[in-house]
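Colleague: I am new to this structure and would like to talk through its two ligand sites. Could you walk me through the terms as we go?

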Amino acid sequence: MSATPPRTVDPLDPLALTTQLDDTERALAQTVRQFVTERFLPQVADWYEHGIFDPALAKELGALGLLGLHLEGYGCGGGSAVAYGVACAELEAGDSGLRSFASVQGSLAMFAIHRWGSEEQKNDYLPRMAAGELIGCFGLTEADSGSDPGAMRTTARRDGDDWILDGSKMWITNGSIADVAVVWARTDEGVRGFLVDRGTPGFTTNTLHRKMSLRASVTAELVLDGVRLPERARLPLARSLAGPLSCLNEARFGILWGATGAARACYEAALSYTSTRTQFGRPLAGFQLTQQKLATMALEIGKGQLLALHLGRLKDVQGLAPAQVSMGKLANTVMASDVARTARGMLGANGISLEYPVIRHMMNLESVLTYEGTAEIHALSIGQALTGHRAFT
Ligand code: TGC
Ligand code: FAD
């Protein structure tokens, strides 16, 4: 212990949480932060305004080792859960859409193949997906079944040695830029997963427009009209709804870290803005009400970061129960949304402008609250784990 305890704090890391990261994790955070600051932030307001995701980012994220960072072998990063989380926080400090891209690619599409796929599928897809040469998406949700994916209507039926897929998937991130879609379908034997390559006859995608959230991200409908697939396109180890739900644990873990990044970006914007903006003859930061908001934001973000770090270390040591992931996803997305909304007000009229990052994060966080299990679904999952009673139905 140092002989003289510090007398001041770093306003950008008041709990000194970077001291809790090891050298590799700190270096990774620095690398991703630099990429986000130099390559992404200068353009994101335009992309957001015009509803654009630049697919060139895929290879750049791949070159940084951020796609499948936490998966072993097959050209993937083999990093720890905490390293993956730290990267998600830095990406989402840029934009939830950027973290979403990495989440869907690494934690949903690649994880599904890594966990449930054959050796042939892993060798065929994973190295190119890790490099960002192939983009993946994950089709679970349908127009009529979101929180309740067990009610899906998309079917896969056997036809000789092949499978025929019919149905559609809705709200699919990366859907219309994906080279391969992981599609979950109902069969006579239960839910099964399939790899559907772009260009397969009967498979089409429609980009969704008029979104007011996650605008710098592609969201699409997948349509499967008599899509014929060979048996080798099926993920052989996935045999029930537990297949797709296991992938969600991975993506939710990335989100519980990512949300702390979005919250941090909003807090930093509010701190900076109120330090220079003067009203009634002094900086807004000098007023008690502003300081109370800043103090609460810093505290809540710090608590969220500690929760993320704890869950990350636990995951690295012994793995996480789904309800523990739910606790992190619920707590940190609600926290980030509250922080973003408070920050939005603190910037006054500028708070609604894309010249500042806050309204973009605030709007994005509406999607982050909803996807990967809504706040209600996570509350019910935690409730079931605590009480043993199931209250979904
Ligand atoms: P239930 O009967 O409870 O379970 C069915 C089987 O699944 C197992 N299971 C899980 N396994 C692993 N991880 C989990 N988290 C699991 N939850 C359940 C369960 O043990 C059982 O296994 P088995 O072997 O007995 O068959 O199923 P249920 O349908 O009643 O589900 C419960 C519920 C509501 C928790 C689940 O359906 C759920 O999580 N709903 C929310 C759906 C959701 O989150 N969708 C996300 C779609 S992907 C997405 O949003 C991507 S956005 C990404 C981005 O852009 O960043
Ligand atoms: P619903 O399930 O209809 O829920 C509506 C409301 O009812 C919610 O408030 C919900 O909490 C509440 N509710 C539902 N059930 C209960 C209950 N039992 N008790 C109390 N309240 C309940 N899906 C994918 O498969 N892949 C993707 O890549 C993907 N990307 C997405 C990207 C974006 C931008 C968005 C917005 C969504 C994406 N989704 C994706 C879909 C997402 O997972 C679903 O929107 C989400 O699971 C909620 O489903 P829903 O929209 O059908 O809402």
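**Around the ligands**

Colleague: What makes the pair between ligand 2 and Phe138 a polar contact?

Modeller: A nitrogen atom of ligand 2 is 2.9 Å from a polar backbone atom of Phe138.

The model is predicted: local features need pLDDT of at least 70 and side-chain atom pairs pLDDT 80 or more, while totals for chains, interfaces and linings use all residues. Residues are numbered from 1 along each chain as its sequence is written, chains are lettered from A and ligands numbered from 1 in the order in which they are written, and side-chain values use heavy atoms, leaving out hydrogens and water.

Colleague: Which residues come nearest to ligand 2?

Modeller: Thr141, Ser147, Trp171, Thr374 and Glu376 do, out of 17 residues around ligand 2. A residue counts as near if one of its heavy atoms lies within 4 Å.

Colleague: Why is ligand 2 said to lie between two domains?

Modeller: Domain 2 (136-233) and domain 3 (242-387) both give residues to the shell around ligand 2, so ligand 2 lies between them. The domain bounds come from an automatic or database domain assignment.

Colleague: Which element gives the most to the shell around ligand 2?

Modeller: Strand S3 does, with 3 residues. Strands (E, at least two residues) and helices (H or I, at least four) are DSSP runs, numbered from the N terminus.

Colleague: How many residues surround ligand 1, and which are the closest?

Modeller: There are 26, and Ser100, Asn249, Arg252, Gly373 and Arg390 are the closest. The largest share of that shell, 6 residues, comes from H6, while helix H4 (96-116), helix H6 (242-276) and H10 each supply at least two.

Colleague: What makes Tyr371 a polar contact of ligand 1?

Modeller: A polar side-chain atom of Tyr371 lies 3.4 Å from an oxygen atom of ligand 1, so the pair is inside the cut-off for a polar contact. Ser100 has a polar side-chain atom 2.7 Å from an oxygen atom of ligand 1, and an N or O atom in the side chain of Arg99 is 3.1 Å from an oxygen atom of ligand 1.

Note on methods
A polar contact is a pair of N or O atoms within 3.5 Å; within protein, one must be able to donate a hydrogen and the other to accept it, and residues adjacent in sequence count only if both atoms are side-chain atoms.
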